[in-house]
Structure formats: C-alpha cells, structure tokens
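Reader: I'd like to go through this one with you. Can we take the side chains step by step?

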There are 2 protein chains.
Amino acid sequence: LTFQVTILGSGSATPTLNRNPSAQILCYENECYLIDCGEGTQVQMLRYKLRPGRLRGIFISHLHGDHYFGLIGLLTTLSLGQRTDELKIFGPPGLREIISLQLSYSDTRLTYPVDFHEIATPDAQTIYETSHLTVRTVPLRHRIHCTGFVFSEKPRKRSLLRDKLPDELTPEQIRLLKEGHDLVLEGQTYPNAAFTTAPPLPRQYAYCSDTIYDEALAEHVRDVTLLYHEATFGQELAERASKTYHSTAHQAAQIARLAGAKALLIGHYSSRYRDVTPLLREAQAVFPNTRLATEGETYTL
Amino acid sequence: LTFQVTILGSGSATPTLNRNPSAQILCYENECYLIDCGEGTQVQMLRYKLRPGRLRGIFISHLHGDHYFGLIGLLTTLSLGQRTDELKIFGPPGLREIISLQLSYSDTRLTYPVDFHEIATPDAQTIYETSHLTVRTVPLRHRIHCTGFVFSEKPRKRSLLRDKLPDELTPEQIRLLKEGHDLVLEGQTYPNAAFTTAPPLPRQYAYCSDTIYDEALAEHVRDVTLLYHEATFGQELAERASKTYHSTAHQAAQIARLAGAKALLIGHYSSRYRDVTPLLREAQAVFPNTRLATEGETYTL
C-alpha cells in the first residue's frame, strides 16, 4: 500500500519565482489529502499533474497567508469543475468564516458539500479516521494558533506463515490468528508466533510547520516514519528564528533526533536562501537521514 | 509623458499553466496602479520586474475570485517588504471586510496605511484624481456588482509657438496664452491661435471586465484611446456569453466601434481557447484596430 507525500511549496512568507508557499499532497493509495494551501497551490497541482478532484480533504495548519491564501481559489475552481463529492476541511477557527464571507460576496454556491471541522483546541486529538488512516493534531508553538498533523497508518493484521499452518483451519480460526490470538486445536494451545509474523510497523507522517524550537514537540511525533519540520533559517539566524517563532535546520534535526524519527524532511525556507544545501548540511550534522523538501518531488514512506 | 498598460493576467475564471487571471499595471510616468488582482498577481509582477512598491493604488472591479484573490497576498507581501507609503484601494462593498477579516485572523498589522474607498453606487462617478490623471467608474452589467474604470489624462495646456511670440511677454501673459486666452497688448487684442497650438488630445484608458454585451456602455467610454473590453468567448458561444454575463470578441468589437474608441484590447479569455487568434480575427472583422491582451506585454497609449 503506497503512502507518499508530494511537495507543492517549499518556501515561506511570500511566493517567489523559484518557490511556492507551503502545500503538500499526501496520498495513501487512492486517498489523497492536501496539507496547507498557499497562494498558487492550484497551479502547482496542475504543474505536477495532481488532479484536485481526487482530494478527499484539506488540512490547514494556521491562518498565516503562506499556508492558506490559495484555498479559496482552489475551492472555487473545484466548483467550476462541477465537483460533487464532499470535501472535508480541517483548520483553525476563523477559516470557515473567511471562506464563507468570500463565497457570499461572489454569490457562489459550491457544487459540492464541504464538511468543515474547526480545530478549536490546541491539544493533541484525533480529528479524522478512515479504514486505513487516522489523523491527529500536534500542538505547535507559533505566533498564532497553529497545529501540526500526524497521518498514521492503522495497524495491519499479522501475516500468516502459510506453510506452517495446519490443514483445514476454519475462517474463524484464521481470523483469530491474524489478530494475534493463540491457536486452540482439540483442547491444545499453540502459540500464535508459530503461525504468523508481525505486520510491518504502521507508517506515520508528521507535518510540523510553523513552530519555534520546542522539545515538547518530540513526544507528539515519537517514532514517526517521516517528520516534516520547518527549517526557515540556518543556525546563524537562530535568534531571528526564535523571535519570529520559527526554527533553524539544526533545531529541526534536533527534534527529529529527540523524537526517534526514521527520516526528516525540512522545508519552509526563507527566501534569503537561494541555495538550501547549507540548510541540509546543517541538519545532517545532527540527523543524517535528512532530506530537502523540493517542489514536485514525491517522498515515499 | 508615458502612459502605458502592462498585462499580468489574460485568463478568466481560474488560473492555468498558461494564463493568469485578470491583473494589469497602468503607469502614467511614475504613477503606477494595479487594476484587478487575480491569484498569482504578485508572482507575475516579479516575473515582469514590476516592483509592487511603486504602486500608488489598486482598483478592483468586482468580487469574483479571478479578479481579487491575489490581493490579500500582495498586501501582506508589501508589508513584509516594510512598505510605509500609503496605498489607495478602490473596490466594491465587501472588499474591505474580507481583507480586514484575513488580516485580523493572522494578527497582521500592515506596515503602511491603506486608504480604502468602497464604490458603493453603480453610477459613473469620478473616484480619484492626481495632478495628471482622473479615474472615473463605468457601470458594468455582470452577475454581481461590477465596475469598470476610465483613466483619463488631464487636459494639457496649449503649446506656445515660440517663434511667433512678441518679445518680452510677462509670465502672467504667457500663462494666459497657455490657458487659451487672447493676448492683449497696449489695448489691442490678438487671437490666441496666432501664438499657440492645441495640446494633444487627452489620452484615456478604459478597463471593462466583466460585462455582458451592453450598448449603453459605449457612451461611458466614448472616444477613449484604448478600450480594454473582455472577450471571454467567441461568437459561436454567444448564448453562453449572455447567460454568464460575459461578452464575445465580436461584441467587444461592436462596443469599441459604437464608442468610437481609437483601439481595442481584448482579454479575459476562456481557458477553452488555447490559441486566441480566432478571437482576434473575429474582433478585427468588426473593429480592425484590435489587439490581444498578452501577458507581459506593454501597450502604450
């Protein structure tokens, strides 16, 4: 089952000719979600041939413009395209009011239902669940109400060791084995481990942008497969990072290390860095398995 | 004195990989104004090296997203760039509320004052004036409250025929001549026309988007130097044009002819037209001096 993330925007603050503001597409098989939606995101989706019609939901971290100014345009474009499927939107208080106000002044009634969920509390909570995924929020410390998101694959069942199985087990016995129960046959108990192996560890993608360096964050993203953590600045601007409630590449890597993440993806680069390899090196010095968020690239978990 | 318009967006409804939604920069010498501001306009300004810091004012025709979704991003980018000069914004009722709401949720206080003028009445009226220009509104017939704008150069003074002037005129006599008065010398009156020639006719740029075909419009843009009139569709879709309160290229040309415009610029093309030369030919059949609005091109009046 494929689980991947495509970067549509890797910049911060304001769009430039080289970088778009924050936006990512996460797909678990055919379930696709948009995470943040800076200005120009709909054109980025066209550029990378990611059909917006496939989106089931949109997650907005906070109401700084570089994370949501593209949302109203995307929503109206979906409507012009005659979408009829419900769209879920998760975002901070205020987002619904902003969108509704704009739709109302343009006298637009969307062709599809929007199921709006305001994330009112900063506490970590599960906000969404499908048969494959759960999404929980992560409290981030930024200048305004800001939440990260962890997309977790649901635990899969144990795998059967077909050649070890006794003949003629009932479907019920098979089900119990997959769920980890021991096998009871003619009054005798055989340990589950003799017939099954553990499923792969559930994969988890954590999206953390924007945030000041905050060690408390590590607990919320413990052991994730891939941690996206903003790295707006290099360590030479650590003071500026903390003043603006952003992080450095070094700090992003420290959080990845503290959390025991398997891999780190950094992004949300300040436009002062034309070349972001110094940010990569800075992070890799602390957490070697770091990659740069690059627009148009897909990262597989 | 240069008077020119640069096209930043020529498409309609939704941004695509080839076309941006409506936005134009009008400059009279160093006085620059933005007319409409679809999503991505700030990046278009970067692309064509038009510094947004130079803008004195922004004119928004109506609250369909392809005409203003880029405004909030541009305003916050100007603030991130530490602009301090006042910015004037003219737009329909609701625009101020939308912008204020977004600034308030992002806890943003702009670094510069905004002088907001809501165009509350659809009637034609003069809304802005500098030493060189006046701007008046044009009522357009669209699905929602929509106004066009005419940017008119102020009448210039008469030009002196230096070699015909008597010696030793006083500055006061010169001023009177330039204003068109006859010359009175030692009790005798000499006709003004002997010493001056008429100034060039004041140039006028009319921006009309979006509108259904409306012959009443011609009166409002009579004799303008350059008429921008939307041409969303070709005449084969005249019915669709009228149903959606848009115009065809043929209809745009008819308005230009009725108005006695010197030249016509068409734009706001439906994304169904990859190649817009058929729209150009259609308009030129009625009004030969028609040009296509092309992104990045500058049209001199």
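This is a predicted model: local features need pLDDT of at least 70, side-chain atom pairs count only at pLDDT 80 or more; totals for chains, interfaces and linings use all residues.

Reader: Okay. What does Arg222(B) count as by that rule?
Author: Partly exposed, because Arg222(B) has 31% relative accessibility.

Reader: Which residue does the side chain of Arg222(B) meet in a salt bridge?
Author: Glu219(B), at 3.2 Å from N to O. Glu219(B) is exposed, because its relative accessible area is 53%.

Reader: How many salt bridges are there over all chains?
Author: The count comes to 18.

Reader: Which residues do salt bridges with shared partners join into one network?
Author: Glu86(A), Lys88(A) and Asp115(A).

Reader: What about Lys154(A) and Glu129(A), how do their side chains meet?
Author: In a salt bridge, 2.9 Å from N to O. This pair links distant parts of the chain, 25 residues apart. Lys154(A) sits in the loop between strand 9 (147-153) and strand 10 (159-160) of chain A, while Glu129(A) is in strand 7.

Reader: Buried or exposed, Glu129(A)?
Author: Exposed, because its relative accessibility is 52%. Lys154(A) is partly exposed, at 23%.

Reader: Now Arg203(B) and Glu153(B). Where are they in chain B?
Author: Arg203(B) is in the loop between strand 13 (196-197) and strand 14 (204-208), and Glu153(B) is in strand 9. They are 50 residues apart. Their side chains form a salt bridge of 2.6 Å, N to O.

Reader: Buried or exposed, those two?
Author: Both Arg203(B) and Glu153(B) are buried.

Reader: Switching to His67(A). Where does it lie?
Author: In the loop between strand 4 (55-59) and helix 2 (71-80) of chain A. His67(A) counts as buried because its relative accessible area is 0%.

Reader: Which side chain makes the 2.7 Å polar contact with His67(A)?
Author: That of Asp36(A). The side chain of Asp210(A) also joins that of His67(A), in a polar contact of 2.9 Å. Beyond four places in sequence, the contacts of His67(A) include Cys37(A), Tyr207(A) and His268(A).

Reader: Last topic, helix 3 of chain B. Which residues are buried?
Author: Leu95(B), Ile98(B), Ile99(B), Leu101(B), Gln102(B) and Leu103(B).

Reader: And what covers them?
Author: The cover includes helix 3 (95-105) of chain A. Helix 2, strand 5 and strand 6 of chain B are also part of it. Just after helix 3 of chain B, Asp107(B) takes a positive phi of about 55°.

Notes. Residues are numbered from 1 along each chain as its sequence is written. Chains are lettered from A and ligands numbered from 1 in the order in which they are written. Side-chain values use heavy atoms; hydrogens and water are left out. Helices (H or I, at least four residues) and strands (E, at least two) are DSSP runs, numbered from the N terminus. Buried means under 20% relative accessible area, exposed over 50%, partly exposed in between (1.4 Å probe, protein chains only). A polar contact is a pair of N or O atoms within 3.5 Å; within protein, one must be able to donate a hydrogen and the other to accept it, and residues adjacent in sequence count only if both atoms are side-chain atoms. Contact means heavy atoms within 4.5 Å. A salt bridge is a side-chain nitrogen of Lys or Arg within 4 Å of a carboxyl oxygen of Asp or Glu.
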